[in-house]
Amino acid sequence: MAQSNKDYPLVSFVLVAYNQERFIEEAVRAALRQTYEPLEIIISDDASIDRTFEIARSVVDQYEGPHRVTVRKNAKNLGINRHINWVVNVAKGEFIIAAAGDDVSLPERTESLVRHWQEGASGVFSNASLIDSQGNSRGLYVRPGYKHKRDWRTMALDGTHGAWGCTFSWEKKVFDIFGDMPNNIFSEDAIIPFRCALLKGVSYIDEPLVKYRVHGGNASFWAQEESSIKAMIQLGSRIMEF
């Protein structure tokens with residue numbers, strides 16, 4: 001798969017990070033091990049104040065594989081939505097795969113997501129394995145057999161898109177058509193799945209393609225298990241507000 005063509009289009013694997021020096025090396029190495037080609041990998045640090053960027057750059061400096069890789073850092077912190085908007089706008093791939101600096105993507109993740117996208121969907125996501133801060137297994141994100149919501153009508157009737165951002169991917173034309181995400185939405189997975197459903201729909205892979213790390217510092221509301229009750233209520237209020 002040395003060249004981009006109809007069967008193997010250029011894909012952008014976007015790894016966004018912020019203050020994740022404990023986990024970023026494993027996340028970057030997982031990105032570099034993706035089996036799909038041609039693949040553009042963009043590792044983007046959102047102005048971390050720890051060593052996240054330096055560690056990521058060090059790993060990439062030693063890389064001699066086939067993927068084209070870019071490591072960069074924002075001059076100031078943008079937050080999740082502005083950061084995703086920026087990276088998607090500079091990505092050259094037809095399909096965008098998002099990854100976080102504290103999670104681990106399995107080598108076949110990109111290949112599996114692209115295959116399902118090409119079968120006819122604007123967005124694709126998968127199950128995930130849960131791991132703790134030490135990398136120990138804590139089961140699956142959802143039980144096998146999860147029934148996802150493919151179209152916008154079902155999402156509207158149920159009042160939820162039923163997808164999750166930690167494994168989500170989408171074709172770049174979603175942003176070409178709808179534009180950037182608004183900044184007053186809590187996170188990207190509050191809007192991108194629904195936009196995908198308005199186009200060709202959302203597909204689901206019922207197998208874990210990501211190791212999702214639960215460590216108390218996640219952006220996901222439910223994963224804040226180490227937060228105080230007060231912090232949980234404040235976070236929940238922010239989500240409900242938008």
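Colleague: In E9, which residue is the bridge partner of Val 124?
Modeller: Ser 203 is that partner. This is a predicted model, in which local features need pLDDT of at least 70 and side-chain atom pairs pLDDT 80 or more, while totals for chains, interfaces and linings use all residues. Residues are numbered from 1 along each chain as its sequence is written, and side-chain values use heavy atoms, with hydrogens and water left out.

Colleague: What makes E6 and E9 a pair?
Modeller: Two strands pair if DSSP finds at least two bridges between them. Strand E6 (residues 123-131) and E9 have nine bridges, in the parallel sense. Therefore they pair.

Colleague: How do you know that E5 pairs with E9?
Modeller: Strand E5 (residues 104-105) has two bridges to E9, in the antiparallel sense. The rule asks for at least two, so E5 and E9 pair. Within E9, Val 210 is the bridge partner of Ser 105.

Colleague: What counts as a helix or a strand, and how many are there?
Modeller: Both are DSSP runs, numbered from the N terminus: helices are H or I runs of at least four residues, and strands are E runs of at least two. The protein has eight helices and nine strands.

Colleague: Why is the meeting of Arg 213 and Glu 26 called a salt bridge?
Modeller: A salt bridge needs a side-chain nitrogen of Lys or Arg within 4 Å of a carboxyl oxygen of Asp or Glu. Here the N to O value is 2.9 Å, so the pair qualifies. Arg 213 is in strand E9 (residues 202-213) and Glu 26 is in helix H1, 187 residues apart, so the pair links distant parts of the chain.

Colleague: Why is Arg 213 called buried?
Modeller: Buried means under 20% relative accessible area, exposed means over 50%, and partly exposed is in between (1.4 Å probe, protein chains only). Arg 213 has 2%, so it is buried.

Colleague: What makes Lys 149 and Asp 158 a salt bridge?
Modeller: Their closest N and O atoms are 2.8 Å apart. The limit is 4 Å, so the pair passes. Lys 149 has 17% relative accessibility, so it is buried. Asp 158 has 43%, so it is partly exposed.

Colleague: How do you know that Lys 200 and Glu 171 form a salt bridge?
Modeller: The N to O value is 3.4 Å, which is within 4 Å and therefore counts. Lys 200 lies in the loop between helix H7 (192-198) and E9, and Glu 171 in strand E8 (residues 169-171), so the pair ties together parts 29 residues apart in sequence. Lys 200 is partly exposed because its relative accessible area is 42%. Glu 171 is buried because its value is 3%.

Colleague: How many salt bridges does a search of the whole structure find?
Modeller: Four.

Colleague: How do you know that H1 and H2 meet?
Modeller: Contact means heavy atoms within 4.5 Å. On that rule, Ile 24, Glu 25, Val 28, Arg 29 and Leu 32 in H1 meet Thr 52, Ile 55, Ala 56, Val 59 and Val 60 in H2.

Colleague: How do the residues of that contact divide?
Modeller: Seven are nonpolar, one is polar and two are charged. Ala, Val, Leu, Ile, Met, Phe, Trp, Tyr, Cys and Pro count as nonpolar, Asp, Glu, Lys and Arg as charged, and the others, Gly among them, as polar.

Colleague: Why is Ser 112 called buried?
Modeller: Its relative accessibility is 7%, so it falls under the 20% limit. Ser 112 lies in helix H4 (residues 109-118). Leaving aside neighbours within four places in sequence, Ser 112 touches Ile 205 and Leu 209. Buried residues of H4 also include Leu 113 and Trp 117.

Colleague: Which residues of H3 are buried, and what covers them?
Modeller: In helix H3 (residues 80-90), they are Asn 81, His 83, Ile 84, Asn 85, Val 87 and Val 88. The cover includes strands E1 (11-17), E2 (39-45), E3 (68-73), E4 (95-100) and E8, and helix H6 (173-178).

Colleague: What makes Asn 184 partly exposed?
Modeller: Its relative accessible area is 45%, between 20% and 50%, so it is partly exposed. Asn 184 sits in the loop between H6 and H7. Asn 184 and Asn 81 are 103 residues apart in sequence and 8.6 Å apart in space, C-alpha to C-alpha.

Colleague: What percentage of the protein counts as buried?
Modeller: Of its 242 residues, 50%.
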